[in-house]
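Q: Could you walk me through how to read this structure, one feature at a time?

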Amino acid sequence: MAGKEIAIIIVFYVTCGVVVISALIAVFARSVINAAFALFFTLCGMAGFYFLLSADFLAIVQIVVYAGGILVLLLFGILLTHRTLEELGIEKRTTYIAGTIAGLAFYLILIFIIAQGLWHQIPPKPMAPTTATIGRLLLTKYLLPFEISSVTLLAALIGSAYLVRRKEGK
Amino acid sequence: MRELIEYLLTHVPLLTKVPSIFVYAVFILIGAGVVLGYISVMVIIWVYLERKVAGHIQARYGPMRVGPHGILQTIADAIKLFMKEDIIIPTSHKVLFIIAPFLVFFGAFAPFVVLPYSESLYLSKMNVGVFYLLALTAFEVIGIIMAGWGSNNKWALYGGMRHAAQMICYELPMGISVLTVVVFTGSLTLHGITNAQGWLPWQWFISPLKSPFTFIAGFVFYIAGLAATKRVPFDLPEAESELVAGYHAEYSGMRFAFFFLAEYTAMYLVCAVTSLLFLGGWNGPLPRAQGWLGNLLGLINVLSKTYFLLFVMLWLRWTLPRLRIDQLLSTSLKYLLPISLGALLGAAIQSAIF
Amino acid sequence: MQWTSGIIEQLPRDLSTIAPEIALVITILALILIDLLMRGEVSFSISFFAIIGVFISLHLLFNAFYNPAPSRTAFWGLLAVDKFTLFLKLIFLLSTFLVILLTLQSNLIYPYRVGEYYTLLLTATMAMCFLVSARNFILFYLALETLSISSYVLATYTKRDVFSTEAGLKYLIYGAAASAVMLFGISYLYGLTGTLDITAWVNVLTPVTSLTVLLALLLVFVGIAFKISAVPFHFWAPDVYQGAPTPITAYLSVASKIAGFGALFRVSLPLFTDLIIPGSKKILLMLGPYHFQFATFFWIISVITMTFGNLVALRQNNLKRLLAYSSIAHAGYILMGMTVLDAAALKAMLFYFLIYMFMNIGAFYCAIVLENKTRIGDITHYKGIVNEYPYLVVGFGVILFSLTGIPPFGGFIGKYLLFAAVVNKALSTPHAMFYFSLAIIGVLNSVISLYYYVRILKIMVLESPAKKIGVPWTPVESLLIAIFVIAIFYLFVLWTQPYVLIENVVKSIIV
C-alpha cells in the first residue's frame, strides 16, 4: 500500500518540523513561560515519533507523564515565581560564546555518531499492541529495575517533601 | 471506522480507482465532521436542559420566550456568539491567546475517537483506549494555563493556576480508579472493558456484587471527573463570584464558544466514560439484538446512562456549595487518592485470589 | 499464564543474592515508620535503628561471601553475583556505618529532622550496591540516578545554610547534565549494538571499531567521571564538598566515588580487557593511522586529575575545600590503576579503596571535630590548636601522613601497590615509557601533596594560639579518632591479611 507509506512519510516530516521548531523556541525564547509552552509541542511531537515507531503505549505514556505531569508542574512553578524572572537571561557575552562553542561541539559529536554509526537494524514491524509485552517484561526480565524504581521514587518523594517543608519539627 | 473503510474499498468499485490514502483522508474527515456535528447539537440541547433543570430546581421556569418553552433559546444564543466581534485584547500575548482555545477544544474533541456506542458502532478500537483518554486531558490543562497567561489578566491567571493545581491533584485518583477496573478486564480498550461487564446491572463494575473495589472506584472516578471538568462543587477555576469568569474572562465570540463547547464536551466525556467503565456501557437490561437494531439499542443504553450522569452533575450543581481551594486539594490528596489506592490494592488481591 | 512458569522457581534463588540490599530497603521502610511513630522526637534511636539495619545487611553480605551462589548472574542476567561486587558492597556498607557515626558527632544535622536523613543515606547505599553489580544498562542507569537523587537532597540537607543550598543546587544541575550526556551515550550504544547487556557488547563490537563507538563510550564515561570527580568533570566537587554537611561530604568523597569506580569496572573490564571474559578481544579504536587504546584515555585523565587536584589544593585555606581537592587528586591516583587494568592493578585499587575509606572519612571526622569546637572552617584559625586538643592533632597528623603515603602508615601500602602495578606493567610491555612516565608523575604528585597536608599540621602545631577555644574534649572523640588511627596502622603493619582477602576476591572474577 504505497499510499500509506507516503502518508507516514508526510506525517514524519510534519512531526519533525513541529519538534525542531518548538525545541528551538524552547531553547532561545527570552521568557521562561514561552519556552515552557514551546516545550509542550516538542513533547507531543516526540509522542508522535513513538506512534510512528509503533510504540503506542510509550507514546501515550510520553503525553501523560511529560505533557500532562511534568510540564504542568513546570508551568505551575513558573506561574508561582515572580514575574521579573522573565527578564533574567544570560547577558554576559563570554558565557554566551563559551556555551555556543560547547554546545556546537557536542552537537557535532552527536551528528558524527549518527552519520557514521553502523546502526543495529531491526526490520520494521506492523503496528501491534505493545502493552501486554511491556507488562510481561516488567514482571520478568526487568523485575528488579521495576522494583528499584519504586525505591527511587520513594527517595525522591521524601527528599522533596523534606526540602519544601517550611517548619523543621524536631 | 477502519473496518468500514476497508469494506467500502473492497466493495465499491469506484473507490478502488482513487489512491486509498485519499479515501482514508476523506473518511477521517467525515468521521471528524460527524463527531463535531454531534457535539454541537448535543451541547445545544444540553445547555437548554441545564437552564430548564436549574430553573425547576430553583422553582422557576427557566427560558420561556424564544420558541415554545424557550426551546430555541440556545440556538439564539449560539447565533449571538457567532455574530459577536472577535476581540484580541492588545495587551495579551497574541500567540498564546490565539492557540489556547484550539488546544482546549482539541483536548475535549479528540477523545471521541475511541468512544464506542455499541459492539460495532465506533470510530477506532485503539488498544490503549482508556489511557489515551487520560492523556488527552494534558491538552486541556496546557490550553487553559495558556489562556490564563496569554490573557494578561490576573483573574484569568488565577483561574488558569487553579485549574492546573486541580488537574494535578485529580488526575491521580482518576487514573488509579481506571486501573482498578483494568485489573479485572486485562484490557485497556473500552471495548474490552465494556465486554467484561454483563447485561444485568449487578454484572457491572459499579455493583458491589461484582467487586466492592470497583464500586468504590466508580464513585472516585466520577468525583474526580467532576473536578476535572470544573463542575460545581469544584468550579474554582471559573468561579464567577470570585474571578469574573476565570481563564476565559478575556475571550469573546467564537473563541469563547470554543471554550464553552470544550467545557460541555468534557462533561459529556466524563459521563460517557463513567458509563462505559462502570455502568456496563452498551450492555443494558433492554433485549439484545444483532445488526443495526443492536447498534441502536447500544446507543440508547449508552446515551441514557450518560444523560443520567449528566443530570446528576446538574443536580449537584444546585445542591452543593463551592469548595475552598485548600478543601479541594485535601479532598483529592487526603481522601480520594488513598481511597483509590486502597481500592486498587483490594482489586489486585481480589483478582489474584478469585 | 505460561509466562509466569519459570519465575516461581527462579525468584527465590535470585532474591537470596540481593539479601543485603533487601535488608537495606526494609530498614528504609522501618525508619520511615519509626520516624512517623516517634514524631521525630528521639533522633538518637533512629540512628540506632539505621546502624542495626547496616549491621544486618553486613551480616547477610558475609553470609553471601562465604557461601557463594551457584550462578554468576541473577535476575535474567541483569545482576552480577561475584565476590568482587561483594567486596565493593562491603566497602559501601562500612563507609555508611562510619558516616552514621560521624553524623552522631556532627552538630550540623542535629537541628534538622534525622528520619529523612537516614532514609536517604541508606537509599543511596542501596543504589551503590546495585550500581556496582549491574550488568545491564537499564539497571545501571537507574541505580546511578537513585544514588544521584539521594545525594542531591543529602548535599542540601542543612537547608537553612546558604552554602548547603548552593551545594545541592550546583550538584543537581551538573549532575543532571552529566547524566543526560551519559544517557545519550547509552542510547547510541544501544542503537549500535541492539542490546543493553554490557557483556554482550563484547561480541557485537568488533576489536577494531569505528570512532563512533569511541565517542559513544566517551559519553558514557562522562557520567561516571562526574561521579568520581575526574578532572574535566570535577567542577561541582569543591563547592559541593564545602557546602554539604560534613558527614555527607565524607560520604560523597568516599562511598560515592568508589561506586563510580565500581561502575567504571563494570563497563571497562569486559570491554577493554580479557580478564573476566576469556578470549574477548580488547577494543582497539582506530583513529586514522593511530591506534587509540583505552589506556591512553585513562592515562590522560589520571595525570590531569591528580596534577590539577594537588596544585589547586596548595592554595586552599578552607579545610573542607582542601580535602575536596585532595580527594580529586586521590581519584587521579586510583585512575592510574585503570590505566594498567590487569589483575595486580585491580588488587591495588581494591586495597586503595579500603585504606582510602578509613583515611578520608577519618580526615572529615577531624574536620567535624574542628568545626564543632571552633565553628570555623578556615585553617588559619586552627593556630596552635595542639595545646588544647593534642589527641586530635596527633590523630589528624596520622591521617594526613597516611593520605600523603608516607611509610609507617596504611596509605603507603595503597600507593605502593598502585605504583608497583604500574611499574610491573611498564617492565612487561614494549611501551615502557608510557607507564614509567605515569609512575613518575604520580610520585611527583605525592611529593606536592605532602606540602599542603603538612601545612595544616604546621599551623596547628608550630604557630602560637590566638586564644583559647574552651570547648571540652570528650572521650567519644578519642575513641573515634582511635578507630581511624588503629585502622590506618593495621593496614600498614598487617596489610597482608586484607590483601589475601582481596587476592581471593580478584581471583574469583578473573578467568
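Q: At which residue does α3(A) bend, and by how much?
A: A bend at a residue is the angle between two axes, one fitted to the seven residues ending there and one to the seven starting there. Here α3(A) bends by about 30 degrees at Leu71(A). Keep in mind that this is a predicted model, where local features need pLDDT of at least 70 and side-chain atom pairs count only at pLDDT 80 or more, while totals for chains, interfaces and linings use all residues. Residues are numbered from 1 along each chain as its sequence is written, and chains are lettered from A and ligands numbered from 1 in the order in which they are written.

Q: How far does helix α3 of chain A reach from its first C-alpha to its last?
A: Helices are DSSP runs (H or I, at least four residues), numbered from the N terminus, and the expected span is 1.5 Å times one less than the number of residues. Helix α3 of chain A, residues 56-80, has 25 residues and reaches 34 Å, close to the 36 Å expected.

Q: How many residues does each chain bring to the contact of C with A?
A: Chain C brings 40 residues and chain A brings 29. On the chain C side, α5 (115-132), α6 (137-155), α7 (162-193) and α9 (211-227) each supply at least two residues, and α6(C) gives the most, with 9 residues. For classes, Ala, Val, Leu, Ile, Met, Phe, Trp, Tyr, Cys and Pro count as nonpolar, Asp, Glu, Lys and Arg as charged, and the others, Gly among them, as polar. That side of chain C has 24 nonpolar, 11 polar and 5 charged residues.

Q: How is chain B divided into domains?
A: Domain bounds come from an automatic or database domain assignment. In chain B, domain 1 is 1-83 and domain 2 is 89-353, with their C-alpha centres 20 Å apart. 15 residues of domain 1 of chain B are in contact with 15 residues of domain 2 of chain B. On the domain 1 side, α2(B) provides the largest share, 11 residues.

Q: How do the axes of α15 and α17 of chain C cross?
A: Axes are lines fitted to C-alpha atoms, for helices over the stretch in contact, and angles run from 0 to 180 degrees between N-to-C directions. The axes of α15(C) (residues 390-404) and α17(C) (residues 432-461) come within 9 Å and cross at roughly 170 degrees. That makes α15(C) roughly antiparallel to α17(C); angles under 35 degrees count as roughly parallel, over 145 as roughly antiparallel, 65 to 115 as roughly perpendicular and the rest as oblique. Residues in the contact include Val393(C) and Gly397(C) of α15(C) and Ser446(C) and Tyr453(C) of α17(C).

Terms used:
Two residues are in contact if their C-beta atoms, placed from the backbone, lie within 7 Å.
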